[in-house]
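Reader: I'm new to this one, and I'd like to know where the labels come from. Could you walk me through them with the numbers?

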Amino acid sequence: LVRTVGNQTYSGPTTAGSALTLRTAGGSVSATAPFTATAGTLTLDLGTGSAALTDATNDFSTVAVTSANAVSLVDANALTVGTSSVGTLVAQTLAGNLTLGGSIAASGTGDSIVLVAAGNFLNPGSNSLSVAAGGRWRVYSTDPALDTRGSLAYDFKQYATAYGGSILGAGNGFIYTVAPLITPALSGTASRVYDGTATAPAGSLVVGAGAGVIDGDSVTLAFSGGATYDTKNAGTNKLVTVTGVTLSSASNGGKPVYGYQLGTTTTASNVGTITARAITVSAATDTRVYDGSTNSSGTPTVTSGSLAAGDSLAFTQSFDAKNVGARTLIPVGAVSDGNGGLNYSVTIATAAGSVTARLLTVTYTGVDKVYDGTVAASVTTADDRIAGDVLTINRTATFADKNVGTAKPVSVTG
């Protein structure tokens, strides 16, 4: 026991060989050189006095405060803070864990209890931190997965913040240096009919935290940049990409959580469907004279539905057969859409048409002969039939009489 009425100042290295109590009658305790108390508990009983043991090479085992106003402790290694009653307390380890070995009650305002662990914060006995009205406690450490918080109920958590950094939350809180990085994931569906663009409907898409959430937190994401398909073409399981992903909120048990960061503001998933656009292509009525082909000069048109901007109809039509009579006109072709027409579901509508008979002209030319006493004659034949068609004529050619002469008429029958 070291007991004084006034202040206690330790200006040289000090080592306690056993448990030690420093007691003053309202005076303060300070040390400007290393203070070592690892052989037992160092107890501070200062009444309304304060203590500042902040040398970076201090080494304590356990420090407990029976009474004091403001206490500041720095330990180069691990530290246990025992049961304490103070106005305000700041206890920091520069290496190692900080263990809450007993409950702490603080009567001050503002940051009345600040515990800073360079390693982990441990509260295996579920000890309490009690603050008065206007006061708050803050616990700093590295990673909640390595801590033991016990039954301490916080008002907020904050990540990616070291001791001395800006605090976003209010009230009692845990502050960690770990910086969780969220990877967004896309789910839901994006389905529509082909329209010639790659724009995807976003109403049924959901962006959530695919990875990176820690300590049982709930993280909500949103996106504002719209959604696009990988291509404009019809298909299923299409890759959909959304941009402008933002972090909407983070909480745990209704308490706010700060410090999450996004690894990217873009995410994609195969959740897209573009269905083929339905149209009806109808043949045009056509009548023509027989020409040996099934060709039609008519042009098919879209009579139901419509083409997307930039697409065009690449259809022709033909008769069902080349022959004369009532015929059916049939459209043949595809939509020119850059995808072989596969962006459309096409219904074919035929039309009635006809092929009329072609007028055939046959010309005969007589062949000269030497008188033979008969009227028999020979002729040559010419006609204007369609190439490939066959003309068969059964004919008999005769001169007007058997006598010699010129420019004699020849008759053809048959």
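Author: Let's start with the aromatic pairs: a search of the whole structure finds eleven of them. Keep in mind that this is a predicted model, where local features need pLDDT of at least 70 and side-chain atom pairs count only at pLDDT 80 or more, while totals for chains, interfaces and linings use all residues. Residues are numbered from 1 along each chain as its sequence is written, and side-chain values use heavy atoms, with hydrogens and water left out.

Reader: What makes phenylalanine 35 and phenylalanine 60 an aromatic pair, and why is the pair called tilted?

Author: Rings of Phe, Tyr and Trp (its six-membered ring) pair if their centres lie within 6.5 Å; planes under 30 degrees apart count as stacked, over 60 as edge-to-face and the rest as tilted. Phenylalanine 35 and phenylalanine 60 have their centres 6.1 Å apart, with 40 degrees between the planes, so they pair, and the pair falls into the tilted class.

Reader: What does that pair tie together?

Author: Phenylalanine 35 sits in strand β6 and phenylalanine 60 in strand β8 (residues 59-67), so parts 25 residues apart in sequence are tied together. Strands here are DSSP runs (E, at least two residues), numbered from the N terminus.

Reader: Why is the pair of tryptophan 137 and phenylalanine 174 called edge-to-face?

Author: Their ring centres are 5.2 Å apart and their planes stand at 70 degrees, so the pair is edge-to-face. Tryptophan 137 belongs to strand β17 (residues 135-141) and phenylalanine 174 to strand β19 (residues 173-176), so this pair ties together parts 37 residues apart in sequence. Tryptophan 137 is buried at 2%, and phenylalanine 174 is buried at 0%.

Reader: On to charges: what makes arginine 136 and aspartate 111 a salt bridge?

Author: A salt bridge is a side-chain nitrogen of Lys or Arg within 4 Å of a carboxyl oxygen of Asp or Glu. In this pair the closest N and O atoms are 2.6 Å apart, so it qualifies. Arginine 136 lies in strand β17 and aspartate 111 in strand β14 (residues 110-116), so the bridge ties together parts 25 residues apart in sequence. The search of the whole structure finds 13 salt bridges.

Reader: What about aspartate 291 and arginine 288: how do you know how each one is classed?

Author: These side chains meet in a salt bridge at 3.0 Å, N to O. Aspartate 291 is at 31%, so it counts as partly exposed, whereas arginine 288 is at 13%, so it counts as buried.

Reader: What joins Arg149, Lys157, Asp215 and Asp217 into one network?

Author: First, one more bridge: lysine 369 and aspartate 372 meet at 2.8 Å, N to O. As for Arg149, Lys157, Asp215 and Asp217, they are joined by salt bridges that share partners.

Reader: What makes a set of residues a nonpolar core?

Author: It is a set of buried Ala, Val, Leu, Ile, Met, Phe, Trp, Tyr and Cys residues joined through side-chain atoms within 4.5 Å. The largest one has 65 residues; Phe35, Leu42, Leu44, Val71, Leu115, Leu129 and Val240 touch the most other members. Strand β6 (residues 35-45) gives the largest share of this core, four residues. A second, separate core of seven residues includes Tyr290, Phe319, Leu329 and Ala351.

Reader: Why is leucine 329 called buried?

Author: Its relative accessibility is 0%, so leucine 329 is classed as buried. Leucine 329 lies in strand β35, and its contacts (heavy atoms within 4.5 Å) include Phe319 and Ala351.

Note on methods:
Buried means under 20% relative accessible area, exposed over 50%, partly exposed in between (1.4 Å probe, protein chains only). Lists of a residue's contacts leave out its neighbours within four places in sequence.
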